[in-house]
Amino acid sequence: MAPSRLEARLRTEARRRIRTPWRQARLVTSPLQFFAGELTRRPGVSSYTLRSGEAVLVRHHDEEDAFVLQEIFGEMDSYAVPAAVSRLEVRRIADVGGNIGLATLRFARVFPGASIAVVEADPANAQVLAAAVALNDLTDRVTLHRFAAGTEDGTMRFVGGQGGRSHVAEASESGVEIPVRDVFPLLAEVDLLKLDIEGGEWPILADARLAANGLKAICLEYHEYMCPAPDPTTEVRRRLEAAGFAIAELREEPPGGVLWATR
């Protein structure tokens, strides 16, 4: 039997997410403790201070957490803000797909005057995220919404407990029912949207309201999973341009990619 699109995506990502705990450990002020945690798959939640100053929470038994740490704060630097965005006045940010809060912490430093609304569907991720926000004294700037982002209210089957790989359940997966909320009211007064929801971005990108709201910039991790067209890069360009955005930066990371767009 041929693998599902989800299985193919996970296999591809597993191949590129080669574990490099020594590189990840160099990001924190206690690298030996971090390295040992990764090697032993230490259970529970561990706290570290980044060399850049943020306090982060990592689950060593979930290899995704260390990868995302490297992706956001390490040499991958996936959310480095391009010049076209840094020139904008950003007062309100929506981090849709907040995971354990690492991108939220990055944006809080880069945009020190901005308030941040974070959406996270996975209860386990949201628990770590909330603790990280409190640990960094950001509760006055960050609001956490515990639901899945969609284009209308309802429920959905969701496969959680997989860190950054938690996702909308395929037909062959059981999943659990979680609440879905129309995300567009939350975006009504947002300047910068960061969107990384493992394929759930496609209905949002197709919604006509994307062209009508006042977003100034989007930071998007897009995926082949759930893409309605054969080529996700061509499709994401088409949909963003139709909504009035211009691509500022795009890095393909098959089977998807990461981009910044402005208007």
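## A pair of facing residues

Leucine 193 has isoleucine 218 of strand β11 opposite to it. The two strands involved, β10 (residues 192-195) and β11 (residues 217-223), pair in the parallel sense over four bridges; pairing requires that DSSP finds at least two bridges between two strands. Strands (E, at least two residues) and helices (H or I, at least four residues) are DSSP runs, numbered from the N terminus.

## Basis of the description

The model is predicted, and local features need pLDDT of at least 70, side-chain atom pairs count only at pLDDT 80 or more, and totals for chains, interfaces and linings use all residues. Residues are numbered from 1 along each chain as its sequence is written, and side-chain values use heavy atoms, with hydrogens and water left out.

## The sheet

Seven strands form an open sheet with mixed pairing, in the order β5-β4-β3-β10-β11-β13-β12.

Four of the five residues of β4 (residues 115-119) are buried, so the strand is largely enclosed by the rest of the structure. Buried denotes under 20% relative accessible area, exposed over 50%, and partly exposed in between, with a 1.4 Å probe and protein chains only.

Strand β3 (residues 92-96) pairs with β4 in the parallel sense over five bridges, and arginine 92 has serine 115 of β4 as its bridge partner. Between β3 and β4 the chain passes through helix α6 (residues 102-110) in a right-handed β-α-β crossover: with the strands pointing away from the viewer, the path from the first strand over the helix to the second runs clockwise. Strands β4 and β5 also run parallel, joined by four bridges; valine 119 has histidine 145 of β5 as its bridge partner.

The buried residues of α7 are Asn125, Ala126, Val128, Leu129, Ala132 and Val133. They cover an arc of only 165° around the axis, which places them on the same side of α7; the arc is that of the directions from the helix axis to the C-beta atoms. These buried residues pack against β2 (55-58), α6, β4 and β5, where contact means heavy atoms within 4.5 Å. Pro123 and Gln127, on the other side of α7, are exposed.
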